[in-house]
Amino acid sequence: MTQLALVIDLNVCVGCHACVTSCKQWNTSGPAGPMFDDNPFSKDPTGTFFNRVQTYEVGEFPTTETVHFPKSCLHCEDAPCVPVCPTGASHKRAEDGIVLVDYDKCIGCKYCSWACPYGARELDEYQKVMKKCTLCVDRIYDEVLPESERKPACVLACPTSARLFGDVHNPDSEVSVAIREQGGYQLMPEWGTKPANHYLPRRKTRKTIHEDELVRSDNPLKKEDIRHETSKEVTLDDWLM
Amino acid sequence: MSDKAKSATEGRTEVKNTTCYMCACRCGIRVTTRGGEVRYIQGNPDHPLNKGVICAKGSSGIMKQYSPARLTRPLKRKPGTDRGDAQFEPISWDEAYGILEERLAHIRETDPKKFALFTGRDQMQALTGLFAKNFGTPNYAAHGGFCSVNMAAGMIYTIGGSFWEFGGPDLDRAKLFVMIGTAEDHHSNPMKMALSKFKRNGGRFISVNPVRTGYSAIADEWVPIKPGTDGALMLALTHEIIKTGLYDREFLIQYSNAAELVNLNEESPEHGMFVRFEVPPEEGCFDPQNKLWWDRELNKPISTHTPGADPYLLGDFRLSDGTPVKPSFQLLKERVEEYTPEWAADITGIPAETIRRLAHEMGITARDEKIELPIAWTDTWGNEHKSVTGNPVAFHAMRGLAAHSNGFHTIRAMSILMSILGTIDRPGGFRHKAPFPRPIPPCPKTPRGPEDVRAGEPLNGMPLGWPADPDDLFVDDKGQPVRIDKAFSWEHPLSVHGLMHNVITNAWRGDPYSIDTLLIFMSNMSWNSSMNTDKVRKMLNDKDENGEYKIPFLIVADAFQSEMVAYADLVLPDTSYLERHDVMSMLDRPISEFEGPVDSVRIPVVPPKGECKPFQEVLIELGSRLKLPPFTHEDGSRKFRDYPDFITNFETAPGSGIGFLAGWRGKGGEKSIRGEPNPNQWEMYAKNNCVFQHELPKSYQYMRNWNQGYLQWAQEHGMTRYAEPINVHIYSEVLQKFRLAAQGKTQGKQPPDNLRRRIDLFFDPLPFYFEPLESQLSDKQAYPLNAITQRPMAMYHSWDSQNAWLRQIHTYNFLHLHPKTAEAAGIQDGGWMWVESMHGQVRCMARYSEAVEPGTVWTWNAIGKAAGAWNLDAKANEAQQGFLLNHVIAEELPAHDAGKHLSNSDPVTGQAGWYDVRVRVYPAGPDEEQVSWPQFKPMPQVPGTGERRPWLNYFAGMFEKKSG
Amino acid sequence: MHPAFSVIFLTTFIGVGQGLFLALFTLQSYSALELLPVQDSREFFAAGSFLALLFLVAGLGASVFHLGKPSFVITRAWRAASQWRTSWLSREIVFIPAVIALVFLYGLLHYLGWEANLFDVDIAGQLTLVIGTVTTLFVFALFVSTAMIYAAIKFLQEWASPLTVLNYTLLGIASGFTLATAFAAWEAPILVNFFGGWAILFTLAALGTRTASLIRNARIKHKSTLQTAIGVRHSHIEQKAMGMMGGSFNTREYFHGKTAAFLKSVKWIFLVLVFAIPLVLLAIGIGTDSLGLLAGAFVSQYLGLLFERWYFFAQANHPQNLYYQTI
């Protein structure tokens with residue numbers, strides 16, 4: 001059984017928000033659209049987005065880490081938002097594990113959003129239906145697109161390729177390998193939701209300096225044999241026969 | 001999806017390639033339109049720059065295209081209204097051209113310098129410069145002077161190339177990457193792509209920055225530093241690297257002037273110059289190979305690069321005539337003697353141990369992880385090399401170093417550090433991008449005196465150039481500036497990008513003279529692009545005793561209702577980037593890759609909105625009407641139909657075969673770089689992803705400063721005039737020449753007396769550390785903190801607050817400060833506070849941060865807006881909660897012995913010292929209004945701008961028909 | 001959570017309606033067992049059922065405002081019954097109309113005075129007793145469904161407790177019995193003591209369970225932390241940007257937007273209005289058969305329940321707020 005998901009590499013995410021707006025522009029003119037924006041040119045602009053990038057500071061100066069943290073629907077394997085939906089609008093596809101909302105069935109009761117611990121769903125305040133990341137289901141199977149572009153818009157956009165996309169149930173997929181080899185983890189594991197999306201943690205490259213690397217025979221300073229003045233003092237050399 | 005939306009999806013879909021312009025990065029984009037509206041903008045996977053990726057700004061191009069802040073009609077200030085009131089009446093282009101033609105023709109026939117043309121981040125300096133030169137005005141520059149000219153000048157005067165467009169870190173092969181003072185906008189997607197690849201390959205990334213945001217966030221190590229002290233760090237690193245012998249001796253000897261002997265006879269007019277063994281037969285803008293080394297074997301001077309010679313880098317020698325000489329590296333060693341890590345620790349706030357460790361990491365990585373590529377090449381001295389080697393330590397730096405008045409020397413110090421590590425144009429280090437490397441300094445020169453500005457004639461020289469000695473300065477016989485911005489004068493001799501940040505103040509004061517007409521293209525000079533914004537706004541509106549404006553006529557060409565538009569007498573509506581032809585030209589700042597020259601174009605994806613005209617078309621039209629030589633046949637008739645026609649057919653000189661575009665030249669498009677104009681060149685670009693890439697042979701891709709094959713190729717293809725080696729200037733004779741003049745030891749141009757000491761001090765042939773000038777002139781007890789700005793990745797300067805999507809990400813800005821700093825001042829997280837310098841104050845909101853050096857406060861640049869500007873509601877957060885730090889930054893230094901009105905800039909280059917300002921902070925009173933300060937009278941919506949919709953439901957193909 | 005008034009009115013109205021029905025049916029059961037005098041079908045039970053129906057239908061009406069758009073009632077609300085296998089909300093949506101229909105039927109039979117000796121015993125009103133028993137089951141099912149909508153969200157720890165079910169049930173019953181007491185004072189003063197006694201008993205029971213949940217919630221240790229939310233192990237993590245600054249659904253839906261002090265005062269208001277005042281008024285009212293006092297007890301309790309329900313939502317701390325600290 002396939003479970004499509006994103007794996008987000010916090011080790012390289014610089015927090016540029018490319019995933020945020022590339023998602024918005026793709027989806028606002030697609031089946032999930034239009035995606036509403038309120039007060040677009042006045043006080044407190046607000047709109048429907050499927051994906052946000054947040055910033056956290058970890059630790060205290062000077063060892064602070066600034067963590068950029070993109071978050072969208074995690075397509076939980078045991079998605080708590082699905083069984084609670086009274087109309088069946090919120091559903092998880094058997095064929096690929098994508099959690100979707102059928103906008104024609106949704107009554108906008110928001111119960112699914114209450115049932116999501118991650119805050120991944122947003123009500124479209126104009127259409128009054130619940131919306132969320134679709135993993136660009138309208139891209140990834142579109143045979144009109146070249147195969148290399150059958151990926152979510154955010155994945156294609158991401159300048160640091162911090163977003164990997166694939167089947168986390170296939171142990172040989174790029175995403176599974178990344179999770180396995182690079183310490184991929186899930187958010188809020190305490191609820192047993194089994195998010196399909198995973199995050200890869202920060203990793204550090206350090207350099208160890210060995211003392212002998214600083215004291216070497218090929219030190220170029222040795223070529224600058226600074227000529228010393230001849231000593232005018234009497235030396236042993238003058239005495240010993 | 002509604003039924004209307006469903007029917008919209010059936011609209012006609014088209015896909016076109018062009019080039020992004022949501023920032024200055026210039027990624028290739030693929031734009032899909034549906035029913036004539038933009039459906040989707042994606043990164044072009046076949047583009048060499050971004051290889052398919054796109055950033056937040058690029059992905060929000062739709063909201064720029066349909067922004068209600070778009071200007072769509074030419075506007076004239078209503079009679080009887082003041083500048084700043086933004087009361088306009090729409091006029092026709094005919095009328096606008098009529099006004100321009102009459103005014104400009106008169107100026108050109110009388111005194112062309114009364115017309116000044118200054119432009120923002122426009123990417124068309126080759127054309128705007130051509131226009132200015134042929135108009136005959138010296139008063140032209142782009143925004144470089146207030147952006148990052150120190151980076152360009154400091155590096156180009158040292159290694160013949162610079163970061164960003166002209167070169168960069170080779171992160172494909174580097175093992176250690178040191179990024180210093182880089183805001184997230186320079187360089188954008190290519191840097192992000194390279195960083196991620198670099199980290200995934202196991203590279204070690206160190207970021208030196210007072211603030212940890214964006215790129216620094218993913219650094220393996222963050223080294224917080226006090227602003228303006230990077231020079232001290234560079235010099236201390238150099239100290240440690242020389243002391244421990246971790247420099248690349250071979251590289252320094254062969255490829256720099258480190259081993260060349262400097263005349264130390266204080267009596268000699270040649271004091272501080274390299275000893276020359278003969279006078280070169282030909283003078284040009286290249287370094288003649290006529291200097292001396294001191295050979296270790298023969299223990300006597302020898303011509304540099306003599307086969308088999310092995311010179312000393314250190315030592316103290318006497319020539320046979322008794323002249324005391326030292327290799328310049330010895331002078332560098334002596335210079336950095338006092339710059340110990342302990343000394344730097346106090347200044348930079350970085351522990352001495354850390355500085356030492358960083359130096360060792362750099363030196364050991366460079367030495368022990370050497371790269372060798374099996375690429376044979378030949379150097380300019382004829383030596384054949386079996387391989388290309390490299391030391392995998394790469395650097396990148398930008399405005400954090402540049403925007404300080406000590407930036408030039410800091411950047412020289414960094415370039416020297418990069419050079420002693422042996423990393424110039426080698427794998428894993430710094431690599432050039434065509435047309436760089438160029439000679440040190442490059443060949444173009446400005447005119448030299450007021451006589452070169454002649455009524456009715458083109459300027460006798462380039463409006464911007466690269467002075468090689470004092471005689472290249474553009475000054476009158478008293479040593480006073482000829483340009484309105486005082487560029488290329490003794491105040492800032494190497495101001496190679498001009499000083500746009502002083503134009504308004506100088507013109508207002510009439511110092512050095514008054515002008516008549518100021519044309520500002522795409523630069524927000526009454527807001528975020530000016531220092532001292534509040535007063536500059538008053539200057540723009542100031543009148544003389546006759547009731548005439550001190551700057552009589554102000555033309556603004558822009559695509560948006562910016563703060564600057566409010567001050568215009570005449571507004572020319574520019575198109576969006578999706579509506580125009582453009583070139584990223586080799587004559588300007590192309591998008592070349594390490595592997596060879598690349599240029600690219602924009603082609604229109606959608607028709608211009610309203611009556612918008614690309615500014616290029618305006619220039620071509622004006623050039624034709626004014627009969628400027630490049631735009632006119634001998635008989636005075638118009639030469640080019642329009643801008644695309646100009647691009648196709650213009651050649652730098654008749655028959656030169658060099659034009660704005662390098663690709664598909666020759667009659668049938670069969671030639672590259674050089675060739676006759678090709679009538680179908682645009683179509684060929686359009687068919688080829690709008691980009692032309694020429695990949696050099698592998699053997700030409702490295703060591704280009706000294707690579708015979710490359711230099712000959714570059715010469716043949718018109719990139720450079722000479723195929724001479726471009727040795728790294730560890731020791732800068734150019735600077736020494738200015739110092740000698742200041743010391744009165746030369747025959748040529750002399751600085752005015754008030755500037756002699758300044759020139760003598762700052763034109764040091766070796767880098768040195770000094771506290772930024774503003775800081776020196778500040779009361780640091782009263783103003784204990786540094787204030788700087790950072791650029792968010794999702795907002796390009798002031799451009800994007802009209803963008804409905806991007807402004808949701810950055811709606812207003814905080815002043816970020818360390819909790820201890822804030823608590824000491826009694827400022828609460830999220831609370832209102834004041835930030836005050838000796839020049840002014842701003843009320844803003846505080847945000848605690850552990851990711852900022854405690855002596856520094858910072859904010860995102862240009863998020864704050866004047867009420868009503870950019871067609872935002874006056875109550876928009878940008879105006880009510882957002883703020884602009886510029887109000888506390890002055891464009892001039894306090895009066896001191898060198899002058900009363902010296903620019904707040906680097907004394908060498910005129911780079912605006914944005915980050916030198918010293919401030920104090922304190923909480924706002926409980927009774928104070930909770931809005932940012934200063935506030936300005938809301939700017940009304942100008943005619944022709946769009947309806948400010950209360951809400952949006954963008955859906956391509958039906959948006960313009962139905963919404964809000 | 002951001003308290004939604006549609007849900008506050010929905011749950012409190014139907015609670016009263018359900019409770020009132022239970023009071024009526026309890027009376028009828030007592031009468032059938034000859035513990036209490038039989039009341040007039042039409043005057044008392046039909047009118048009482050009608051009153052209960054008013055509250056139930058008002059609750060249903062309030063629920064319409066919880067839909068994205070009222071028009072969804074016509075176009076797609078019918079779907080909301082389809083997921084009763086998994087969704088407590090769907091079950092509630094099944095049970096509300098069922099309870100309404102049953103209470104209507106119960107009232108109608110009483111009104112028409114239809115009788116049938118179904119079990120061949122000498123008990124009057126067998127038909128209504130059977131319908132009433134079925135209705136009672138549905139009423140309890142509805143209480144459980146409504147409460148489980150909240151109690152079933154395990155990471156809303158303030159809600160995820162059997163106490164939530166008990167509270168919804170007992171508060172609904174208490175308010176229904178209080179209303180029944182006042183209704184009795186109007187229609188059949190003889191029953192005031194009966195209903196009043198039960199009303200006091202249920203109010204006291206609800207006070208017990210509600211206080212228990214307050215104590216539980218005050219001590220709650222949230223399982224999710226910023227550390228588990230973003231997966232970084234460090235004791236010092238602070239959010240600096242939410243990814244948007246003008247607010248979003250996430251900043252509006254999950255936070256009451258009021259101060260802690262406000263929250264605290266709401267708690268005391270509901271404790272006084274739901275429990276203290278009605279208990280006093282009921283005690284005095286029973287003694288004096290005062291319609292005014294007893295009606296006052298109900299009004300106080302109902303208003304108090306609005307505060308109680310508001311507090312119930314506001315107190316719940318959704319883990320998504322870890323990601324949206326309104327920075």
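How many residues does the contact take from chain A and from chain B? The contact takes 60 residues from chain A and 77 residues from chain B, two residues being in contact if their C-beta atoms, placed from the backbone, lie within 7 Å.

The structure is a predicted model, in which local features need pLDDT of at least 70, side-chain atom pairs count only at pLDDT 80 or more, and totals for chains, interfaces and linings use all residues. Residues are numbered from 1 along each chain as its sequence is written, while chains are lettered from A and ligands numbered from 1 in the order in which they are written.

**Stop 1: chain A against chain B**

Select the side of chain A that touches chain B. The elements that give two or more residues to this side are helix 1 (18-28), strand 2 (37-38), strand 3 (46-47), strand 5 (65-72) and helix 4 (153-157) of chain A. Helices (H or I, at least four residues) and strands (E, at least two) are DSSP runs, numbered from the N terminus. Helix 1 of chain A gives the most, with eight residues. By class, this side of chain A holds 26 nonpolar, 21 polar and 13 charged residues. Here Ala, Val, Leu, Ile, Met, Phe, Trp, Tyr, Cys and Pro count as nonpolar, Asp, Glu, Lys and Arg as charged, and the others, Gly among them, as polar.

Next, display strand 2 of chain A with strand 35 (residues 951-952) of chain B; they pair in the antiparallel sense over two bridges. Two strands pair if DSSP finds at least two bridges between them. Asp37(A) has Leu952(B), in strand 35 of chain B, as its bridge partner.

**Stop 2: chain A against chain C**

Turn to the contact between 48 residues of chain A and 46 residues of chain C. On the side of chain A, strand 4 (51-58), strand 5, helix 2 (111-114) and strand 8 (122-124) give two or more residues. The largest share, seven residues, comes from strand 4 of chain A. This side of chain A divides into 28 nonpolar, ten polar and ten charged residues.

Strand 4 of chain A also pairs with strand 1 (residues 237-241) of chain C, in the antiparallel sense and over four bridges. To find one of them, select Glu57(A) and its bridge partner Glu238(C).

**Stop 3: helix 1 of chain C**

Select helix 1 (residues 5-32) and helix 5 (residues 126-151) of chain C, whose axes come within 10 Å and cross at roughly 150°. That angle makes helix 1 of chain C roughly antiparallel to helix 5 of chain C, a term for angles over 145 degrees. The contact between the two helices includes Phe21(C) and Phe25(C) in helix 1 and Val139(C) and Phe143(C) in helix 5. Its residues divide into nine nonpolar, eight polar and no charged.

**Stop 4: a sheet in chain B**

In chain B, seven strands form an open sheet in the order 5-4-25-24-23-6-7, with mixed pairing. Strand 5 (88-90) and strand 7 (140-141) of chain B stand at the edges, each with a single partner strand, so one side of each is left without a neighbour in the sheet. Strand 6 (residues 115-119) and strand 7 of chain B pair in the parallel sense over two bridges. Tyr140(B) in strand 7 is the bridge partner of Leu117(B). Helix 4 of chain B packs on the sheet and touches strand 6 and strand 7 of chain B.

**Stop 5: a hairpin in chain B**

Finally, select strand 15 (residues 317-318) and strand 16 of chain B, which pair in the antiparallel sense over two bridges. Arg318(B) stands opposite Pro324(B) in strand 16. The two strands form a hairpin with five residues between them, and Gly322(B) in the turn has a positive phi of about 90°. Strand 16 (residues 324-327) of chain B is also joined by three bridges to strand 12 (residues 261-263) of chain B, and these two run antiparallel. There, Asn263(B) has Val325(B) as its bridge partner.

Key: Axes fitted to C-alpha atoms, helices over the stretch in contact; angles between N-to-C directions. Parallel < 35°, antiparallel > 145°, perpendicular 65-115°, else oblique.
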